[in-house]
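Please look at the sequence and the structure together.

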Amino acid sequence: VQLQASGGGLVQAGGSLRLSCASSGRTFSTYAMYWFRQAPGKEREFVAVIGWRDRSTYYADSVKGRFTISRDNAKNTVYLEMDSLKPQDTAIYYCAADRTLRVGANDMDYWGQGTQVTVSS
């Protein structure tokens with residue numbers, strides 16, 4: 001499985017961005033899909049996950065109510081809709097895939113290359 005994240009950019013606080021992560025694998029629909037982020041000088045942190053079977057979703061407390069994760073298995077793509085962005089959301093955002101849904105885990109089966117999101121105040 002190869003993952004390609006896109007959609008990052010520069011946005012003002014309060015604005016919105018939509019990240020996409022396209023997978024080249026034929027088994028995309030059987031993977032839980034994650035978004036992580038890493039801000040400068042900080043460790044990578046979990047943002048959101050969506051299951052492959054029942055599409056259950058979980059979010060970090062810091063983004064709950066502002067971010068929405070979704071997936072389109074027909075397009076092998078997972079999305080992260082980010083609204084009401086804050087300067088503290090500035091980070092490189094990574095998508096990842098894993099055969100299991102494990103909130104809090106960091107050892108994913110596959111990682112994308114990351115896309116930069118910068119939120120100006």
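A salt bridge here is a side-chain nitrogen of Lys or Arg within 4 Å of a carboxyl oxygen of Asp or Glu. The model is a predicted one: local features need pLDDT of at least 70 and side-chain atom pairs count only at pLDDT 80 or more, while totals for chains, interfaces and linings use all residues. Residues are numbered from 1 along each chain as its sequence is written, and side-chain values use heavy atoms, with hydrogens and water left out.

Charged pairs come first. Side chains of opposite charge can pair when their charged atoms come close. The structure holds 6 salt bridges. One of them joins aspartate 107 to arginine 102, with the closest N and O atoms 3.0 Å apart. To describe how covered a residue is, buried means under 20% relative accessible area, exposed means over 50%, and partly exposed is in between (1.4 Å probe, protein chains only). Aspartate 107 has 51% relative accessibility and therefore counts as exposed. Arginine 102 has a relative accessible area of 27%, so arginine 102 is partly exposed.

A salt bridge also forms between lysine 64 and aspartate 61, whose closest N and O atoms are 3.1 Å apart. Lysine 64 is partly exposed because its relative accessible area is 49%. Aspartate 61, with a relative accessible area of 66%, is exposed.

Where do aspartate 89 and arginine 37 lie in the chain? Their salt bridge has its closest N and O atoms 2.9 Å apart. This pair links distant parts of the chain, 52 residues apart: aspartate 89 is in the loop between β8 (77-82) and β9, and arginine 37 is in strand β4. The strands named here, like helices, are DSSP runs numbered from the N terminus (helices H or I, at least four residues; strands E, at least two). Both aspartate 89 and arginine 37 are buried. Salt bridges that share partners join Arg37, Glu45, Arg66 and Asp89 into one network.

The aromatic rings are next. A pair of aromatic rings is described by the distance of the centres and the angle of the planes. Rings of Phe, Tyr and Trp (its six-membered ring) pair if their centres lie within 6.5 Å; planes under 30 degrees apart count as stacked, over 60 as edge-to-face and the rest as tilted. The whole structure contains 4 aromatic pairs. In one of them, tyrosine 34 and phenylalanine 36 are stacked, 5.9 Å centre to centre with 20° between the planes. Tyrosine 34 is buried, as its relative accessibility is 0%, and phenylalanine 36 is buried with a relative accessible area of 1%.

Phenylalanine 36 also pairs with tryptophan 111: the ring centres are 4.9 Å apart and the planes are at 55°, so this pair is tilted. Because phenylalanine 36 lies in strand β4 (residues 32-38) and tryptophan 111 in strand β10, the pair ties together parts that are 75 residues apart in sequence. Tryptophan 111 is partly exposed, with a relative accessible area of 27%. Tyr34, Phe36, Phe46 and Trp111 form one aromatic cluster.

Arginine 18 lies over the face of tyrosine 79, 4.0 Å from the ring centre. For arginine 44, the charged end sits over the ring of tyrosine 94, at 6.0 Å from its centre.

Leucine 101 lies in the loop between β9 (91-98) and β10 (110-111). With 32% relative accessibility, leucine 101 counts as partly exposed.

Is serine 23 buried or exposed? Serine 23 is placed in strand β3 (residues 17-23), and its relative accessible area of 10% makes it buried. Apart from neighbours within four places in sequence, serine 23 is in contact (heavy atoms within 4.5 Å) with Val1, Gln2, Leu3, Phe28 and Asn76.

Serine 121 lies in the segment after β11 (115-120) and counts as exposed, at 85% relative accessibility. With neighbours within four places in sequence again left aside, serine 121 is in contact with Ala13 and Pro87. Serine 121 and alanine 74 are 47 residues apart in sequence, and their C-alpha atoms are 37 Å apart in space.

Notes: Lys NZ or Arg CZ within 6 Å of the ring centre and 35° of its normal.
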